[in-house]
Amino acid sequence: VQLQASGGGLVQAGGSLRLSCTASGRASSGYSMGWFRQAPGKERDFVAAIRSSGGSTSTSYAGPVKGRFSVSRDNAKDTVYLQMNSLKPEDTAVYYCAAVPKYLITSMLWSTQSYDYWGQGTLVTVSS
């Protein structure tokens, strides 16, 4: 599975961006998909994730982005989106999408070690 992240850029504080992560190579709705971010000199942190089971979909968000970011997926396009609203300078980071071919329990969604596949990252810069 190859993941291609896109949609990053420069935006002013309070603005919005939508990131996309397109999967190729037999990715399916059975995959758990995550978004992480890494600011300069810092560790890669969990941002949001989405997983599906039995026809239902659930999401999880990190505290700092809850209420501002929204993750969704379009299975027909093998694409996961991260809608980012009310952006803050502290949201500045390289954003990575990740995938694993199974349903993850919530606590595992938050760990980089739970994912098998990673995209190349897309830079988001929020100016004050």
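Which side chain does a polar contact of 3.0 Å join to that of Ser 52? I began my notebook with this one, keeping in mind that the model is predicted.

**Entry on Ser 52**

I found the partner to be Thr 57, whose side chain meets that of Ser 52 in a polar contact of 3.0 Å. I then looked up Arg 73, and its side chain is joined to Ser 52 by a polar contact of 3.5 Å. Ser 52 itself lies in strand E5, which runs over residues 44–53. I noted its relative accessible area as 15%, so Ser 52 counts as buried. Setting aside neighbours within four places in sequence, I listed its contacts as Ser 29, Thr 57, Arg 73 and Tyr 103.

**Entry on the rings**

Next I turned to the aromatic pairs and counted four. One of them joins Phe 36 and Tyr 115 edge-to-face, with 5.3 Å centre to centre and 80° between the planes. I was pleased to see that this pair links distant parts of the chain: Phe 36 is in strand E4, Tyr 115 is in the loop between helix H1 and strand E10, and they are 79 residues apart. Phe 36 is buried at 0% relative accessibility, and Tyr 115 is buried at 5%.

Tyr 115 also pairs edge-to-face with Trp 118, at 6.1 Å centre to centre and 65° between the planes. Trp 118 is partly exposed, with a relative accessible area of 27%. I wrote down the cluster that ring pairs build: Phe 36, Phe 46, Tyr 115 and Trp 118.

**Entry on Arg 44**

Last, I checked Arg 44. Its charged end sits over the ring of Trp 118, 5.0 Å from the centre. Arg 44 also lies over the face of Tyr 96, at 3.6 Å from the ring centre.

Notes: Residues numbered from 1 in each chain as written. Predicted model: local features only at pLDDT ≥ 70, side-chain atom pairs only at ≥ 80, totals over all residues. Heavy atoms only, no water. Helix = DSSP H or I, 4+ residues; strand = E, 2+ residues; numbered from the N terminus. Buried < 20%, exposed > 50% of the residue type's maximum accessible area, 1.4 Å probe, protein only. Polar contact = N/O pair within 3.5 Å; in protein donor to acceptor, adjacent residues only side chain to side chain. Contact = heavy atoms within 4.5 Å. Phe/Tyr/Trp six-rings, centres within 6.5 Å; stacked < 30°, edge-to-face > 60°. Lys NZ or Arg CZ within 6 Å of the ring centre and 35° of its normal.
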